[in-house]
Structures are given as structure tokens and as C-alpha cells.
Amino acid sequence: MTSTKRRNSLVDDEEIDSDEEVPSNTIGSNVPLKWYENHDHIGYDLDAKKIAKPISSGKSDEIDEFLEKMENADYWRTVYDDLTGQNVTLTNEDIATIQHIQNAETFPDDHVYEPWVDTFSAEVMIHPILNTPESKASFIPSKWERLKVGKYLHAIKMGWIKPAPPKEDPLLSNNYDLWSDESKTNLPRSNIPAPKLELPGHHESYNPSYEYLLDDAEVEALKEKMESDFDENERQTKTLFIPKKYTSLRQVPAYDHFVYERFQRCLDLYLCPRQKRMKANITDLNDLIPDKPKPQDLHPYPLVQSLIYEGHKNIIRCLACHTSGQWLASGSDDCTVRIWEISTTRCMNVFTFDKPVVSIQWNPVLSLLAVATGTQIVMINPKLGENAKVVFTDEFIKQLTYESSSNDDCQWTKTSEETDKYIRLTIKHSIPIRQIEWQGRGDYLACVSIPRSDQSQSKSICIHHLSKGRSQYPFKQLKGAVQHVRFHPTKPIFIIATQHSIKIYHLLKQQLIKRLYVNTKWISSIDIHPLGDNILCGGYDSKINWFDLDLSVKPYETYRYHKRAIRCVRYHTKLPLFASTSDDGTCIISHCSVYSDLLKNPMIVPVKILRGHQFNNELSMLDCLFHPTQPWIFTSGADSTIRLFTN
């Protein structure tokens, strides 16, 4: 068998003359060579002479194939060309191109993410795309409409169709029903009635049944519930009613809060204006489109997928980035924590535990990585970054003395460097842990646990003091299962998100200062803005709420651009960006500019939708995290990979 090298590997294209080049196939690409199997020629030349069939055009037997395979070193790169009937040996460039195509890779010169020009966009253009002249029927009056109008005109003249009588102007008429319901009047300047008070129930009766009466313990529980459910401003407008029983109406004394409640009612009627909602008269549909800047003008933000971190064998639930922006930690259900070098995707270290890892957090001051796995918190010194910081962390842990506490719920255990090279401290709990969160100064660690059914919700939040080795449960009563907690970036304020509400506590004053009303069915994640004046809340019902703490306790904006449950919401610590990940396989990046001027509302514009993770058991993206300084974002998914999106 004979083989022919590629023409571009033997002779340069510039040295080949098109007139002297002899075509290797004269029968055409549409004619199969099997038509010439029984002939000794293949096509004709310009002189109408037969072109002899090449030796390799015929099929060789297995013996020739075996000898060619043993003797020819280029057999593995030799392919058969159906057009010429010859064997062609591929060059290194051809093999590299084929490998790029098989691996779905692109060449450096290719512009894969070149901006796409939206021809049929919503923007009004100066010149029309289609300049087709209007049809004749568009400006000539319709014949059939003229006939129909004439028919109606004839019916009105004959009296068959009578027009509606003119309506009487209510302003010119002096006759109206004095005792009619105010809500049914049609006067344009009529008074809007005030909302009616709620009618009293059975528990407000002067002689209620015994099941409505409360004992001393129930009265104290009712007072504590009122203090926990309402903040200081709301408690001033609420009255605590305790049912009492009297044998006759003559024995009922005067109501203590009668004057106060009537005063509050008058304030509501005076200070709360009531107005009718007028129907908006919209003539141009472009008025409904909000005036937002273009995404091209809001750079930088993540655009393309740059790196993939592979190594975990199960879904990745949590991510944490070092303050220097050089290292990334990830926790997975395969009971491992991996530390990656961000720029090279190199796995620096792997820590294995007995149970799946649910949450990890870097200490903002020390070289400590807190890992929540099962019922314990393990603090690791990975010995990465500045050497002085690593040594200071070990010396700081050594000088701490932890006294044996009588509290069996939390047990502190120190580990020396001789026993373990990386683990420095272990805190064991009695119930499983859901989330951990460091305070800004790195001395307090908040822990959210999942109490059992026979335990109270007061055990669900525990705060650990690192320098003193103490653990405390600061909340005696908590209504609802705690889902997420956050520390305020600059103030001693603690934010708790339960299933249906968000409560903000002042740690020094030890009181509830604000309660946010969320319109989501189940809260999944919250995050606070670096300035501390705005809170982002995501729910399992695919809703995102933006709260402006200086404006109201209700959501400032509600977004529904995800199709499935939202797993995580994050703010960027330096840039005006926030992201949300969902089970629908998307991560939506939004630009959010918050102004110091209280009269100017925040500007929130969605700019990019990121995709890339595969679905696994109807799960896709589980966590996201922004880079501390760059406009990059990390996403972890159920496909056991971490993906980095850059600008």
C-alpha cells in the first residue's frame, strides 16, 4: 500500500501554480468511486484518455493491512480519501485540529464571545429595517365598512335603534339620597369612608366561657410573646387584652385603654391619607419600560467561564474565599474539604472528615478555616499565605486556656501541632449544625443548629467566643426554625432569618430593633450589603426580596426571574454587584448601586445570566461566592465541580 503526504506539508501554497496542478479526481465529488470498481481506470483527462486507477484505490486484503501496520510507522495517522482513492497521511497540525474538535475546544484566535448584535431590538432606530411601501388597502376607505355604517344610520332614522339617554350631572342636581351608603355613591368628590374596626369576639365578652380565660402562666407567656414578636415601636401601638369573667353587666368596670385606643384610631384617620386609585391612562407602550442603563455601560461584571475546579466526588455545598483572594476552600458531601489555588486550579490540600461538610468560613483575621461537619466545628490552620500570620495563629491558640464548662451542649478541645499538623481546635455540639458565620473582627463565631423535635428553638443559635473559649445561647425564645444568620459589617447587630421573617437584634442593648416582613413562603438565604443599609433575601419559591432598612420593613423590590428554588444570594464586598443561584441551573448577576443620598433610590439592573453546571437529581447550583477584590464569581454545583466566571 502507498500513502501520500498532505500537499501543504510538502510544498508551500505560494510555489504551486494553479495551471500546472493536475487534479487528482476528475469524476467529481458527487460520483462514488464504487462505480469504477470493475474498471481499470478512474475518469478521463483533457485529451479524453483514461486515467489509470491508483494502486491504493483497490481494497487490500487483511495480510497487506497487517504488514502495513507492522512496517509503516505512520499507519496510525493514515486515512483513506474517498475522493482520490488514496491513503493520506495526516500532519501534526491536522491531528491537533481533530483533537480540538473532539474536546470541544476553541483556538486562541477565535472570538467565541463576540458581542451579538440584536437587529430586532426594542430600541427605536433612525432608519427602518424594512422600507416596503404600504399597500393600497391601508389608505383607501373600506367599502364594506361604509355599507355597514349606512345600515346603522338608516336604522337610527327609522327609530329601530335608539341612543342611550344622556346622563345627568350629579353636581348640577340637588336631589340625592341622604341615608344611602357612602361607599355606593357616584359623586366624583365624595368622601372616602374609613375602614371599619374589627368586631369583638367571644374572648372579649364580659361573661366568656372558661376555655377563654387565662391563668398566670399563660398571661406571662402572652407578654413574653408580644415582646419577642414586636419591636419597641410596634409595642407602643399594641394593647394586651386579657379576658375576664363577670356575673352581670353592672359589674363590668370602665375599659382602661378606651381613651388610648380611640386616640390611636383618630391618629390613624388623621395621619393615614386615603385616596382612590385612578386608572393610568397610557398612550405609549414605551412608557411601561423602565428607564434603565444598558448592561454594556455597567462593566465590570462576570461574563465568561474561565476555569473549572475538579476533584470532589459528590455535590459541593459551600465555598469560602481567603481574604487575600489567592485561596479557595470548598466543602462537599464526600466528607472532604479541598483548598484550591485560584489562579491555577491546583488542589493544595485535602482534609477528610467522618460526615458531610455543610458550611465553611475563613477567619477574617487569623489563619483559621472553620469547618462545620455533623455535630462539630473543626478549626484548621492550612498554613497558607503569609508565614507571619500562620505562626501568629498557632501562638494565639497555644496561649488560650479553656476551662471545662458545665454546659454539655458545647465542648471545646484543643489539638497540639504534635498530635495533628493542621487541626487546632474542635467544638462539639449535641445537635447537627446547619451554618457557621464569623463576626467581622474574627473573635465571635455564630452557629446555627437543627434542634430535635423535643428541644426548644432557643438551642438553634449558639455564639462562640474564641479568645475566652465560651459558648452561649443568647436567645431564650425564637419563633420559627432558623434558616440563616448574618453579622452586621460595622455595628453590633445580629440578623436572624427564620422560615417566614427576618429579625434584627442589637447585641449590646439585647433587644429586637426591627422585624422585616417577607413575602416568600420559605427563606433559603440572606446577605447584607457591605454598607449595612440593605438586605437581600432569597426563598425556595423563586422570589428575591430587596430590603432598604432606612425606608420600610417591607420589601423595596421583589424579583421573580428564577424559575425554581433559590439556593444562595450574595453581595460583592467591593463592587456594586449581587448574584443569585437557583436550581434552574442559572446564576444571575445584577448591578446594584446604593447611594448615600436618602432621597435617591438604589439602581438595580440585571446584567448577565451565567450557565454551565449540569443537573444531578434536579439540583444544579448550590452556592456562589464573589472574589474579594476582582469582579469574579465562583459557583459550586451538584455535578461535583466549581466554576470560575470572570469579566
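Guide: We shall take confidence first, and then two residues in turn. This is a predicted model, in which local features need pLDDT of at least 70, side-chain atom pairs count only at pLDDT 80 or more, and totals for chains, interfaces and linings use all residues. Residues are numbered from 1 along each chain as its sequence is written, and side-chain values use heavy atoms, with hydrogens and water left out.

Visitor: What pLDDT does the chain average?

Guide: pLDDT is the predictor's confidence in each residue, from 0 to 100. The chain averages 82, and 86% of the residues score at least 70. Over residues 1-23 the pLDDT is below 50.

Visitor: Is N534 buried or exposed?

Guide: Buried means under 20% relative accessible area, computed with a 1.4 Å probe on protein chains only. N534 counts as buried because its relative accessibility is 2%. N534 lies in strand β25 (residues 534-539), a strand being a DSSP run of E with at least two residues, numbered from the N terminus.

Visitor: Which side chain makes a polar contact with that of N534?

Guide: A polar contact is a pair of N or O atoms within 3.5 Å; within protein, one must be able to donate a hydrogen and the other to accept it, and residues adjacent in sequence count only if both atoms are side-chain atoms. The side chain of N534 is joined to that of W546 at 3.1 Å.

Visitor: Where is D334 found?

Guide: D334 is in the loop between β8 (327-332) and β9 (336-341). Its side chain makes a polar contact of 2.6 Å with the side chain of T336, and also reaches the backbone nitrogen of K313 at 3.0 Å.

How values were computed: Helix = DSSP H or I, 4+ residues; strand = E, 2+ residues; numbered from the N terminus. Contact = heavy atoms within 4.5 Å. Buried < 20%, exposed > 50% of the residue type's maximum accessible area, 1.4 Å probe, protein only.
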